[in-house]
Amino acid sequence: MSYADAAGTIVAQILALPEFARVQALFPDAGLDEAMLLDIIGAAGDLAEGVIAPFNTQADQVGCRLEQGRVRLAPGHHDAWQAFVAGGWTTIESAPQWGGAGLPMLVHSACEELLNRASPAFGMLPTPMRCATKVIERYADPALCAQWAPRLVDGSWAATICISEPDAGSDVPRLRTAAVPHADGTWRVTGEKIWISFGDHDLTPRIAHMVLARTPEGEHGPAGLSLFLVPSDIAGQRNAVVVRRIEEKLGLHGSPTCALGFEAATGYLIGTPGRGLAQLFTMIIGMRLSVGSQGAGLAGAAASLAWRYAAERRQGGRADAPPVTIDQHGDVQRMLLGLAARAEVTRGLVLTAAALSDLQAREEDEAARTEAGLVLAWLLPITKNFAAEAASLCANDAIQVLGGAGYTREWPAERYLRDARVLAIYEGTSGMQALDLALRRVLGDEGRAYRAFLAKARGDADRLGNATLHALLDMLEQAASGLDKPTAAVVAYPFLQLASLATTGWIAARLAALSGSPLHDHLAALGCHWLLLAQAQALAEAALTSHGQALVAAFADVDRGYLG
Ligand SMILES: Cc1cc2nc3c(=O)[nH]c(=O)nc-3n(C[C@H](O)[C@H](O)[C@H](O)COP(=O)(O)OP(=O)(O)OC[C@H]3O[C@@H](n4cnc5c(N)ncnc54)[C@H](O)[C@@H]3O)c2cc1C
């Protein structure tokens, strides 16, 4: 499938979304109709295919390097970046006040999928820029905001998110980077941050490092953390931010992952002291949705490659006849169907979450805004994790379809797998997403997010008369009612899997009801197939979710000493 075909399928999914009519109504100036969607999303596909994908092949092979303390990106990155910025792609959903196009997140996510299909490494730069703008416009001093927001939106300056430290990965509250006030009203930030994506580069003259740090009077834990904007350069001079190294890593070679030393660097406090982590969640939520787009992009790329290859590769068949194409073998058909169905529901899940974020931001009625926000709160950990795992699973299956060729660098399937693997790690590991879902969305806040999703999905199951969706929701309800605080941690991951199957079952049921054109029939077939797969797998995950005590007991009986 070409990028143009993928753009057409994305537009069909958008137009079929039950939420689309509200998004259209709430963005009256955007003029969203089929022709306009095809224009914008088609253009994103053209850029992705014509400019970003060719650059990415080279970037994957060459990677980035550190030269005299500065990061040098792969050849071709500058030209690809120039084309991206000149096309206005940094501005899509940003506020018009800062020069943004003010389009819905739905349109942004659609374009983002295609850009990530071409290069998830390339997408690692614009995402923190876009999401940092939201924190800055919401919490920063107006003068700081007026300085940074327009430049981040038009792509002339960049941003990072600096949370991770050697002793603080998932355990963010333990971070030690310190910030002390300076007489001139700024702060001095000192500490070591690791794994910072695009922590340095030569694409823009300035970078806003969004740094989480502890202030002197700060208590231990999250309440002691504040947020600072630490510019890489101030008035043309380098700030005291040093690149210690670039990590050598499995994939995303076009994205420099840096260890940064902050050596009493000048920083500006953003918002309220002690509220840094809560404020940074404005950025983190956007970035998690973008991981969804990365996953959808890679899953789609892998499915498309597998289908194309299988239609050409000839093996097997009757000995007295020429070999047949491998897509005529039942086992290959099983893989191809699974690949296409998983990729399509991933796309549907990401687009639905994006539409709900538009409704949460724009609905006129407070009750409607709250309802959209609650369903989105349910969807976010699921979208982040399901899309991340879909990318790896689809890449893995694409390699299987390609056989030995899939394992070689002649084909991009192995690169998809290398690039995909980290999606389930950064922006909160699968384990942390699972805990978030079980402890906060079901057991916490009186389960409001879980109940809001359930009500919406049950409503659709009734409207569509879909018994399989009802069965998936029954399994989810039973598992949720069995969750308790003592064993939630050990069964949180199978519960996340079950919840993801029920939620993607909901997406699939909506697809399965489409008809009226060959493209709709195609989407309906994939929706039906996903429902079948989801129901079968959900039985296993439901069983695991109910065996918390057994898991705890088995772990206690296994002796590490015998593992060698
Ligand atoms: C390519 C790449 C880019 C990155 N970009 C950035 C960036 O730009 N900015 C940034 O700040 N960070 C970035 N990161 C860091 C990333 O966010 C962390 O790697 C991630 O949060 C996990 O932290 P960790 O690696 O320390 O793993 P750990 O926290 O050590 O976790 C290891 C394992 O233990 C589990 N675990 C840990 N604690 C718990 C718990 N309480 N309960 C249950 N399970 C637990 C985890 O789920 C995981 O399976 C990046 C990482 C990579 C690899």
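How many salt bridges does the structure hold?

Mentor: The structure holds 34 salt bridges, a salt bridge being a side-chain nitrogen of Lys or Arg within 4 Å of a carboxyl oxygen of Asp or Glu. The model is a predicted one, in which local features need pLDDT of at least 70 and side-chain atom pairs count only at pLDDT 80 or more, while totals for chains, interfaces and linings use all residues. Residues are numbered from 1 along each chain as its sequence is written, and side-chain values use heavy atoms, with hydrogens and water left out.

Let us begin with Asp 436, which forms a salt bridge with Arg 440; their closest N and O atoms are 2.8 Å apart. Both residues belong to helix 13 (residues 430–442), and because they are 4 residues apart there, about one helical turn separates them. Helices here are DSSP runs of H or I with at least four residues, numbered from the N terminus. Asp 436 is buried, at 7% relative accessibility, whereas Arg 440 is exposed, with a relative accessible area of 56%. In these terms, buried means under 20% relative accessible area, exposed means over 50%, and partly exposed lies in between, with a 1.4 Å probe and protein chains only.

Asp 436 also forms a salt bridge with Arg 441, and here the closest N and O atoms are 2.7 Å apart. Arg 441 counts as buried, at 18% relative accessibility.

A further salt bridge pairs Arg 458 with Glu 477, the closest N and O atoms being 2.6 Å apart. Arg 458 lies in helix 14 (residues 448–464) and Glu 477 in helix 15 (residues 467–482), so this pair ties together parts that are 19 residues apart in sequence. Of the two partners, Arg 458 is buried at 17% relative accessibility, and Glu 477 is partly exposed at 33%.

Salt bridges can also share partners. In this way Glu 19, Lys 456, Asp 460, Arg 463 and Arg 510 are joined into one network.

Note on methods: Helices (H or I, at least four residues) and strands (E, at least two) are DSSP runs, numbered from the N terminus.
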